[in-house]
Amino acid sequence: MFTTDLRPMGEKEANNSRKNVQMQKMNRRPRINLPALRGFLLQFPGKVQRHLKSRFKRPTETEGSNREMFKLKDARFSLEKQMQAWTKNPVWDDDQPTSIEVVVPKGSLCQLNVKTNVGLPPDAIYNIVTDPDNRRVFKNIQAVLSRKVLLDEGSRQIVDLEQAAIWRFLWWSGTISVHVLVDQNRDDYSMKFKQVTPGFMKRFEGSWKVEPILLDEKLCDPFKPKTLSEYMSCTQCNGRIASKVTLQQLVEPAIVPPPPISWYLRGITSKTVEMLINDLVEEAARIKGVSVSATDVITTNPNLDQVSSNEIQTLDIKERWALRRRKSRRNL
């Protein structure tokens with residue numbers, strides 16, 4: 001019935017001590033959670049697939065033109081080096097023509113929304129737009145009456161600027177004094193302007209913005225560069241950088257005149273902006289030594305208040321006025 005352990009007492013205590021140590025080591029080891037492991041293994045293929053899709057996704061049209069995450073600043077690749085790619089391949093047949101959209105916010109004469117692509121890097125475009133002597137480029141600037149830098153923080157300046165601007169529309173032309181406060185920032189290639197003292201114009205304000213377009217990004221497939229250094233590396237310094245230029249301008253006179261005078265004024269404003277953009281495109285072509293492409297023709301998309309669709313299709317002001325008069329007579 002009974003068994004007798006004849007081993008010495010010291011040996012039994014030593015064996016018990018070793019067993020206790022082994023048990024403690026086993027308890028300290030992390031235990032595998034089998035349900036969690038199965039869940040991870042089931043989700044792993046999907047996670048890998050999503051990662052690969054996001055990593056090698058081809059850029060859409062919007063992503064290709066609006067590269068806010070792209071870091072363009074790199075001391076190793078100056079504007080001069082960026083222009084070398086354009087020297088090798090100066091021709092770019094852009095399939096997106098310049099467009100000017102004219103809308104009429106309540107109480108305003110008009111708001112112009114301009115979008116155009118220009119075959120120069122953002123630094124080059126920004127140099128043209130912010131050049132104190134840019135009246136040599138923009139023919140609608142007759143003279144710079146005054147220019148004073150109020151704040152200079154290196155990449156950002158606030159400038160008090162007064163210019164005499166030329167306007168032309170149909171058979172008429174003239175000049176108008178424009179006095180604005182300009183906030184220009186090279187870090188994000190933006191420029192905001194606002195009228196200093198209201199007068200004939202109650203509000204005159206707007207903004208410029210220049211964003212990079214990586215024209216030769218396909219040379220980097222499937223890699224998507226995030227910096228200028230990566231872009232130049234994967235294109236072997238042959239990657240061209242163009243610019244998406246956006247201009248918004250709000251014009252609100254102290255008294256908004258009724259039609260057809262308001263139509264004439266909108267036409268003057270639109271035509272002045274057309275001249276501005278055409279001059280910018282021509283200057284870019286001159287710098288590259290090429291002629292202006294036919295795709296750079298400006299199209300205007302007016303969206304005027306209280307104007308029928310048939311009238312919108314007719315851009316000539318006299319024809320629009322005649323259409324309205326005929327429509328009024330039919331309603332009598």
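Colleague: Which residues have the most contacts inside the largest nonpolar core?
Modeller: This is a predicted model, in which local features need pLDDT of at least 70, side-chain atom pairs count only at pLDDT 80 or more, and totals for chains, interfaces and linings use all residues. Residues are numbered from 1 along each chain as its sequence is written, and side-chain values use heavy atoms, with hydrogens and water left out. A nonpolar core is a set of buried Ala, Val, Leu, Ile, Met, Phe, Trp, Tyr and Cys residues joined through side-chain atoms within 4.5 Å. The largest has 51 residues, and those with the most contacts inside it are Ile125, Trp208 and Leu280.

Colleague: Which residues does isoleucine 125 touch, not counting residues up to four places away in sequence?
Modeller: A contact means heavy atoms within 4.5 Å. With the sequence neighbours set aside, isoleucine 125 touches Val118, Leu120, Val210, Ser243, Val245 and Leu280.

Colleague: How many residues of helix α7 are buried?
Modeller: Helices (H or I, at least four residues) and strands (E, at least two) are DSSP runs, numbered from the N terminus. Buried means under 20% relative accessible area, exposed over 50% and partly exposed in between, with a 1.4 Å probe and protein chains only. Helix α7 covers residues 261-288 and reaches 41 Å from its first C-alpha to its last. It is mostly covered, and of its 28 residues the number buried is 20.

Colleague: Which residue forms a salt bridge with arginine 156 at 2.9 Å?
Modeller: A salt bridge is a side-chain nitrogen of Lys or Arg within 4 Å of a carboxyl oxygen of Asp or Glu. Glutamate 153 forms one with arginine 156, but there the closest N and O atoms are 3.5 Å apart. The 2.9 Å pair joins arginine 156 to aspartate 183. This pair links distant parts of the chain, 27 residues apart, from arginine 156 in strand β4 (residues 156-169) to strand β5 (residues 172-185), which holds aspartate 183.

Colleague: Is arginine 203 buried or partly exposed, and at what relative accessible area?
Modeller: The side chains of arginine 203 and glutamate 205 meet in a salt bridge of 2.9 Å, N to O. Arginine 203 is partly exposed, with a relative accessible area of 32%.

Colleague: Which residues do salt bridges that share partners join into one network?
Modeller: A search of the whole structure finds 14 salt bridges. Those that share partners join into one network Asp131, Arg136, Glu283 and Arg286.

Technical notes: The expected span of a helix is 1.5 Å times one less than its number of residues.
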